[in-house]
Amino acid sequence: MAELGGLLDPSRIRLDGRAADRTAAVRQAGELLVAAGAVRPAYVATMLEREESVSTYLGEGVAIPHGTNAGRDEVLADALTVVRYPDGVDWGNGTAHVVIGIAALGDGHLPVLAALADVLVYPDRAARLRGATSVQDVLDLLTAVPED
């Protein structure tokens with residue numbers, strides 16, 4: 001999962017997110033990608049479009065909003081954002097406590113999605129991610145190779 005470390009800058013991790021609904025949460029993840037210079041503002045609309053067509057909720061309290069295939073033209077660099085919502089956000093098919101925004105050039109998102117899914121295979125790691133209280137905790141959980 002080392003590839004995640006290069007995509008996730010500490011400045012793009014928020015631990016105290018608040019969102020009225022999943023649309024607001026997706027928008028917040030997208031705005032962090034815009035602020036990072038990873039995507040053009042139009043990418044956020046494609047993230048919302050993807051969410052309308054298929055939920056990006058993975059389970060274990062984690063959602064991974066990302067743009068549509070057409071939105072790839074708006075991606076400038078591979079990047080991740082993480083927003084932790086202590087109160088959770090109703091995602092329709094579960095409650096998200098961690099929302100990981102993804103921007104990827106070409107098929108670069110596939111290894112990222114596989115690595116993120118790997119985190120969820122370990123329920124204790126997913127629980128620690130949902131309850132993370134420091135940026136370093138998030139970085140450690142998303143970039144460390146599990147021991148078990």
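**Entry 1: the chain as a whole**

I began with burial: 48% of the 148 residues in the chain are buried, where buried means under 20% relative accessible area, exposed over 50%, and partly exposed in between (1.4 Å probe, protein chains only). A note to myself on the source: this is a predicted model, in which local features need pLDDT of at least 70 and side-chain atom pairs count only at pLDDT 80 or more, while totals for chains, interfaces and linings use all residues. Residues are numbered from 1 along each chain as its sequence is written, and side-chain values use heavy atoms, with hydrogens and water left out.

I then looked up the surface. The chain exposes about 6700 Å², and carbon and sulfur atoms supply 51% of that area; the method is Shrake-Rupley with a 1.4 Å probe, and for residues only the protein chains shown count as cover.

Next came the elements. I found 6 helices and 5 strands, taken as DSSP runs numbered from the N terminus (helices are H or I with at least four residues, strands are E with at least two). From the N terminus on, the order reads α-β-α-α-β-β-β-β-α-α-α.

I also checked contacts (heavy atoms within 4.5 Å). Among those between residues at least 6 apart in sequence, 67% join residues at least 24 apart.

**Entry 2: H2 against H3**

Two packed helices are described by the angle between their axes and the distance between the axes. I looked up helix H2 (residues 22-35) and helix H3 (residues 42-53), which pack at an angle of about 145° with their axes 9 Å apart. Axes here are lines fitted to C-alpha atoms, for helices over the stretch in contact, and angles run from 0 to 180 degrees between N-to-C directions.

The crossing of H2 and H3 is right-handed; a crossing is right-handed if the near helix is turned clockwise from the far one by less than a right angle, and left-handed if anticlockwise. On the H2 side, the contact residues include Val26, Ala29, Leu33 and Val34; on the H3 side, they include Tyr43, Val44, Met47 and Leu48. By class I noted 8 nonpolar, 2 polar and 4 charged residues. Ala, Val, Leu, Ile, Met, Phe, Trp, Tyr, Cys and Pro count as nonpolar, Asp, Glu, Lys and Arg as charged, and the others, Gly among them, as polar.

**Entry 3: H5 against H6**

The axes of helix H5 (residues 123-130) and helix H6 (residues 135-143) come within 9 Å and cross at roughly 155°. H5 and H6 are therefore roughly antiparallel to each other, with angles over 145 degrees counting as roughly antiparallel, under 35 as roughly parallel, 65 to 115 as roughly perpendicular and the rest as oblique. Their crossing is left-handed. Arg125, Arg128 and Leu129 of H5 meet Val138, Asp140, Leu141 and Leu142 of H6. I listed 4 nonpolar, no polar and 3 charged residues in this contact.

Arg40 sits in the loop between H2 and H3, and counts as partly exposed at 37% relative accessibility. Leaving aside neighbours within four places in sequence, I found Arg40 in contact with Val34, Asp73, Glu74 and Leu76.

Glu60 lies in the loop between strand E2 (57-59) and E3. Its phi is near 55°, a positive value in a residue other than glycine.

Thr68 is in the loop between strand E3 (62-63) and strand E4 (79-90). Is Thr68 buried or exposed? Thr68 counts as buried, at 13% relative accessibility. Not counting residues up to four places away in sequence, Thr68 touches Thr46, Glu49 and Arg50.
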